[in-house]
Amino acid sequence: MDYDADGDLDILSGSYTGEVYYFERTDEGEFIQGRYLLDSDGAPLKTNTSITPEAFDMDADGDLDLIIGTRMEGVFIYENVGTRSQPSWSKDGRVVKTVDGNRVRGSNAHFADWDGDGLRDLVLGSEDGGVIWHRNIGANDSPKYTQKEALVRIKSIDERFEDRSEDDGPNGLGARTKVFVTDWNGDGKNDLLVGDVAWLRRDLAPLTPEQKAEKAALTPAYEAASKKIDEAYEERNSYVGKEGGIPKEVQAKIDAATSAIAPLSRKMASFETSESVTHGWVWLFLQEDSTSAVGPATLPRYGAAASRGPVALEGTSVRSEGDHHVINIELAMTLDAGWHVYAEVPEGKGYPKTTPTVVLPVGAEMVSDWKTIGTAIPDDANPGTSWFLDRVSFSCKVRLPSSANTDLDLQVEYQVCTEDMCMPPMTLELELPCAPGNS
């Protein structure tokens, strides 16, 4: 895109840490080393983590504004308070919301008139994969967005976390999608180019008898070092929140225990027989007709969202293809950076384990127990305790009687903490709509 209106194409790039980089093209066709975009106060313009910017004249005033998609925190607009050739960015971004007041979320946000009504809609990638569409029912210079619709469906939790090797290859579109609308084949219909990320298993050589013996010999020392670091953190935690803070000698014990376990951890890691390898693909989705969603027909998905403080909860429901009385429920809990919720807690510790429940209407029954998808991080200071960072998902199946087309009441009990403090135990609730079933 021509950032500075000098007639050549420059590059804007997002970053994991949240800054926007500008790579200016010279008259010789080369690019100058990237530099931060600054806000009107001269500070680096920054939203949140894993961002993707797009420059567009949002308010039809002749200059380019910035719309920024983030991995989990939503979509933001930064107004250009400068000129077309010398942009200057507002200090604070405006959160993009739907007409119902819900936050628009997407790992990138792209403008396109998807339905051909002359209004620029929002087409977005997603942390969980798939492609989302928010129809614009306002005007191009003052858009109003409806609730999201899926152009490319978000796969179920089981599909997203299927264990697949590099020889297997991907099972379709991956996660953290980035989307661009184009007429790829020149048939007059909008198509989609979608980039993704996926993790596949690479099997390593099995351990030799000598390596197995070496691992067995090292295990006692590793377990002893793990116990020492657990004890050091437990002592440290006893001082958290108290007057005087953490004594230097206690912190010194943690430093010593960390130094002792580090080489043992590295050696134990060398005995792994598989590793996760990051891959990325670009997928082409051709639109089948001018009104349909892209790709194969899918059953409608219904959603709801709720949030409190550093915790956001999104729920979706979809009828099972084989039995339309069975509802597949998925819950995704997203945490702000630096916060965690508990995955496992020993009995009597006082911290509640993060637990989802569904309030069943009369005549309904659970078809499957709740399944949890997320990486639990062990708490080195408290054996038997682990927590979730960033994101954790839950799924279950419920059978409804043929007459029940009501909302389902979902609840998640949790306690959210940082390394230094905890909020009181809470229960976050939402009402999840269900698609009408067949009698």
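Tutor: We start with the helix. The buried residues of H3 pack against helix H2 (209–237). Contact here means heavy atoms within 4.5 Å. Helices (H or I, at least four residues) and strands (E, at least two) are DSSP runs, numbered from the N terminus. This is a predicted model: local features need pLDDT of at least 70, side-chain atom pairs count only at pLDDT 80 or more, and totals for chains, interfaces and linings use all residues. Residues are numbered from 1 along each chain as its sequence is written, and side-chain values use heavy atoms, with hydrogens and water left out.

Student: Which residues of H3 are buried?

Tutor: An α-helix has 3.6 residues a turn, so residues three or four places apart point the same way. In H3, the buried residues are Val250, Ile254, Ala257, Ile261, Leu264 and Met268. Buried means under 20% relative accessible area, exposed over 50%, partly exposed in between (1.4 Å probe, protein chains only).

Student: How far apart are the end C-alpha atoms of H3?

Tutor: The expected span is 1.5 Å times one less than the number of residues. For the 22 residues of H3 (residues 248–269) that should be 32 Å; the end C-alpha atoms are 31 Å apart, which agrees.

Student: Where does H3 bend?

Tutor: A bend is the angle between axes fitted to the seven residues ending at a residue and the seven starting there. H3 bends by about 30° at Ile261, and Pro263 follows within four residues.

Student: How many aromatic pairs does a search of the whole structure find?

Tutor: A pair of aromatic rings is described by the distance of the centres and the angle of the planes. Rings of Phe, Tyr and Trp (its six-membered ring) pair if their centres lie within 6.5 Å; planes under 30 degrees apart are stacked, over 60 edge-to-face, the rest tilted. The search finds 6 pairs. Take Tyr3 and Tyr22: centres 4.3 Å apart, planes at 40°, so tilted. Tyr3 lies in the segment before strand E1 (11–13) and Tyr22 in strand E2 (residues 21–23), 19 residues apart. Tyr3 and Trp89 are also a tilted pair, at 6.4 Å and 40°. Tyr3, Tyr22 and Trp89 form one aromatic cluster.

Student: Which residues does a disulfide join?

Tutor: A disulfide is a pair of cysteine sulfur atoms within 2.5 Å. The count comes to 1. Cys417 is joined to Cys422, S to S 2.0 Å. The link is right-handed, with 110° about the S-S bond. Cys417 is buried at 0% relative accessible area, whereas Cys422 is partly exposed at 32%.
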